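Please read them alongside the sequence and the coordinates.

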Amino acid sequence: MDITVTINGKTHTADVEPRTLLVQFIREQAGLTGTNIGCDTSSCGACSVHIDGEAAKSCTLLAVQADGCSITTIEGMAGDDGSLHPMQQAFMENHGLQCGYCTPGMVMAATSLLAENPNPTEEEVRLGLEGNLCRCTGYHNIVQSVLACAKS
Amino acid sequence: MTMTDDTTGVLGQRMLRREDPALLTGEAKYTADLPIPGALHLAVLRSPYARARIVSVDTSAAASMPGVTAVFSGADLAEAWAGPMPCAWPVTDDMKSPTHYPLAVGQANYVGDGVACVLATSASAARDALDAIDVEYEPLEAVIDLEDALSDRVVIHDEIGTNRSYTWDLKIEESEGDVDRAFADAAYSVKERYIQQRLIPAAMEPRAVAAIPQPFGGDMTLYSSTQVPHILKVMTALTLGIPEHQLRVVAPAVGGGFGSKLNVYAEELLCAALAQRTGSPVRWAETRSEGNQATIHGRGQIQDIELAADADGRLTAVRVRLIGDMGAYLQLVTPGVPLLGAFLYAGVYELPKTYDFSCTSVFTNMTPTDAYRGAGRPEATYAIERAMDSLAAEVGVDPLELRRRNFIPTASYPYEAMTGLVYDSGDHDKAATLAAEMIDYAGVRARQETQNVPGATKRLGIGVSTYFEMCGLAPSRVLASLNYGAGGWEAATVRVLPTNKIQVVTGTAPHGQGHETAWSMIVAEKMGVSPDDVDVLHSDTAIAPLGLDTYGSRSLSVGGVAIAMACDKVVDKAKQIAAHQLEANPDDLEFSGGEFRVAGSPDRAMPLAAVAFEAFTAHNLPDGLEPNLEAHTTYDPPNFSWPFGTHMCLVEVDTETGEVEVLRYVAVDDCGNQVNPLIVDGQVHGGVIQGLAQALYEEAVYDADGNLQTSTLAEYLVPAASDVPSIETGHTITPSPTNQLGVKGIGEAGTIASTPAVINAIVDALSGLGVRDVPMPASPNTVWRAINEAQGGQQ
């Protein structure tokens, strides 16, 4: 099936198998491998992206369902001049990442969280990120990163 | 809250990580991200039975499917292997190890055991073809229970005739008989059984492999999501019969390991063998469900521990009997894991040489076990720390007080332990005092008096855990005494380039630990340059040919120290060049802040940058001195390093639902001098939550037929942010006297300390209800049952 998806401002048109997941489309058709795959049950959130401005796990959609959508991946977060997005910067300054594998999804989920609730409590951050798993940080510094970004 | 002593210079600064920008922007490439034109995709068909005879494998239908280039059964590839899958740790001379090939031949022995594989032009075509492979199985009875396995009622592997792999004893010859006497004479004794449930490591990046053969000449590059590129190179060369010098192993960005990537896996060998056979690149990426079945599991032990104590509650003897669950086969270091714990069953306590340890390990029809964050040491610490709480109840003293009575006194360091190993340094009272202050231990005890009254449904509990982490693996001679198949050294090269930029080549293989940042800080401190001027090269055997990789909290205390030593060698050489240029005696030169100065003549100086350029041009070097500034060190540590600390956990348990809420978690860790406290705290946070997850959430569950019930992340409960508390960290600093940086390790400390701290807190909360133990994971259901049982079924 032919679909057209805008990813990070660039239009991608392709003929995809109906069973192709959006995450596969992003990684294999668009070649944007910053969006990671961590599970096969939509449990881990490593593949989180923004679809029309809202965070979603890109393994929960078929690529064909995203036909006509505008998607932002982790590669689209930094400024054109290479400056980090404030959430990326907050993760760096608060050591909110170690191996980095959950990080793109975590950053996408966290920015979406702050868009909905610009001044969350720690508990609200923890609940807001419950769809994204991290095995390295124990979440402590991820939560601190999000709170710091909200404050700034 | 973070408490650290003041430090000066680069070391000890909370420097942000240089690794982060690439990871934060999606620029970093993990193995599955690598663009490899023309690669064939591997998919593995896995046994749905825990134990079954493979009667026949018909690959013909699969082979004719679109995109499929080849299909192989285990028998088809039997000739591809120069030897079976490697186990590097034959712990005893008579250890039994069943033959293990990347694909099973004749019999499959766990759910997930590879039976056949497909090569196809796309990953989906390869997976589709798996369904068309027709395997006829004859299901056989599976063995799941460890004691049932020990009975040999059903023998899993005919070729070895028993399920028993080995029995390994640690007995102290000079005190034979003293252990029995100590128990006979004990004023108090306790005997406990603890179950270390199986855990799934669940690094966020599933494993991935790509093997790329060169078109001519036979060279091959193997990319893998591994912690051990150097070990993988040796083992792949041996197993495939590839000359080692023609094999290059690269670990690109690696998304966590926790021991699960300290291994040599079937898929690595299959990719390499099939790339060699087909001449095409071959790649494979694990699905999470495959990973839960076919990447190693951790823990899996039955622990029987007995403590004897005198009238004051001081330990007089410890006896330990373990049954270790090896799973279906021995992987790289499977049999050695319980041994790593054998030295820690007296914790941080004084014990005469009255110690008796024996471990018998058995095969079962489950996924092979192997090293998982802490590897033997969390298990040991759990047993002694839980048993110390039982002993405290027996003696009738507060658990913290009992620990204080037993702490090895600071003045006794270095301390020769009951096992003969020497603990390098420690100040247990200081760490315990700081933790008690941070959590207001006395205040909590007072609150319990008013809160935990009869009929209370929200009961407060505080758990204490003190620990040693035997880390920095390891002195090679000690490893030899344990029959380990390799050494424990680490290699480093430090190279000053003509423009005074410095390249560091390390044999460590980071996968989240921030070595590039930390190693650059060590070099900056030693060489008087900015960390920004230091490049750290690693995880590619063509660039860093020597190394023993990253596991066992070894990287800093072995690999980092090797770098510091190589810096010293470079400075020594540079000093000769500077002295020659300054027309001074090398012995009169001082080096600090990146500059050589003649002692007493501050105007006679030469910066390292000028020396580096002189070394490069070689126009005017001392006679006989080789050009360039470069030095190599291979460091074999004289001892393990022994980080220690005290963790305390405060919980509230709802007796009506069994739900446990962790109110506070305090971790005081002493890892000696800290290179980067930011990274230290991060390691503690992650380790604590991983250990807490064992206590509260995680278990690899099998049914009686050997089917894994937790084969996805929807069923295996890796905790989310909303399931866990914040961590309050504190530190004491007791430098290690055995290395020049005074450093220990911190990678596994959190995991070692936290599991018993959490369970001790739960049992403490419920002790007034007669609860003496709560099995792990302490789910609401399990906690409720424990209360109900203690109440005689009246709950």
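1. Chain B is divided into three parts: domain 1 (34–140 + 204–256 + 261–294), domain 2 (298–473 + 639–790) and domain 3 (489–635). These bounds come from an automatic or database domain assignment. The model is a predicted one, in which local features need pLDDT of at least 70 and side-chain atom pairs count only at pLDDT 80 or more, while totals for chains, interfaces and linings use all residues. Residues are numbered from 1 along each chain as its sequence is written, and chains are lettered from A and ligands numbered from 1 in the order in which they are written.

2. The C-alpha centres of domain 2 of chain B and domain 3 of chain B are 40 Å apart. Between these domains, 19 residues of domain 2 of chain B are in contact with 16 residues of domain 3 of chain B, a contact being two residues whose C-beta atoms, placed from the backbone, lie within 7 Å. The side of domain 2 of chain B that touches domain 3 of chain B consists of nine nonpolar, seven polar and three charged residues. Here Ala, Val, Leu, Ile, Met, Phe, Trp, Tyr, Cys and Pro count as nonpolar, Asp, Glu, Lys and Arg as charged, and the others, Gly among them, as polar.

3. Chain B contains 20 helices and 28 strands, which are DSSP runs numbered from the N terminus (helices: H or I, at least four residues; strands: E, at least two). Of its 795 residues, 59% are buried, that is, have 20 or more other C-beta atoms within 10 Å of their own, with C-beta atoms placed from the backbone. Among contacts in chain B with a separation of 6 or more, 80% join residues 24 or more positions apart.

4. Helix α16 (residues 555–582) of chain B packs against helix α17 (residues 608–617) of chain B at an angle of about 95 degrees, and their axes are 10 Å apart. Axes are lines fitted to C-alpha atoms, for helices over the stretch in contact, and angles run from 0 to 180 degrees between N-to-C directions. α16(B) and α17(B) are therefore roughly perpendicular to each other, the class for 65 to 115 degrees. A574(B), I577(B), A578(B) and Q581(B) in α16(B) meet L608(B), V611(B), E614(B) and A615(B) in α17(B). This contact of α16(B) with α17(B) has six nonpolar, one polar and one charged residues.

5. Finally, the contact between the chains takes 44 residues from chain A and 43 residues from chain B. On the side of chain A that touches chain B, α2 (86–93), α3 (103–116), α4 (122–128) and α5 (140–151) of chain A each supply at least two residues.

How values were computed:
Buried ≥ 20, exposed ≤ 12 C-beta atoms within 10 Å, placed from the backbone. Parallel < 35°, antiparallel > 145°, perpendicular 65-115°, else oblique.
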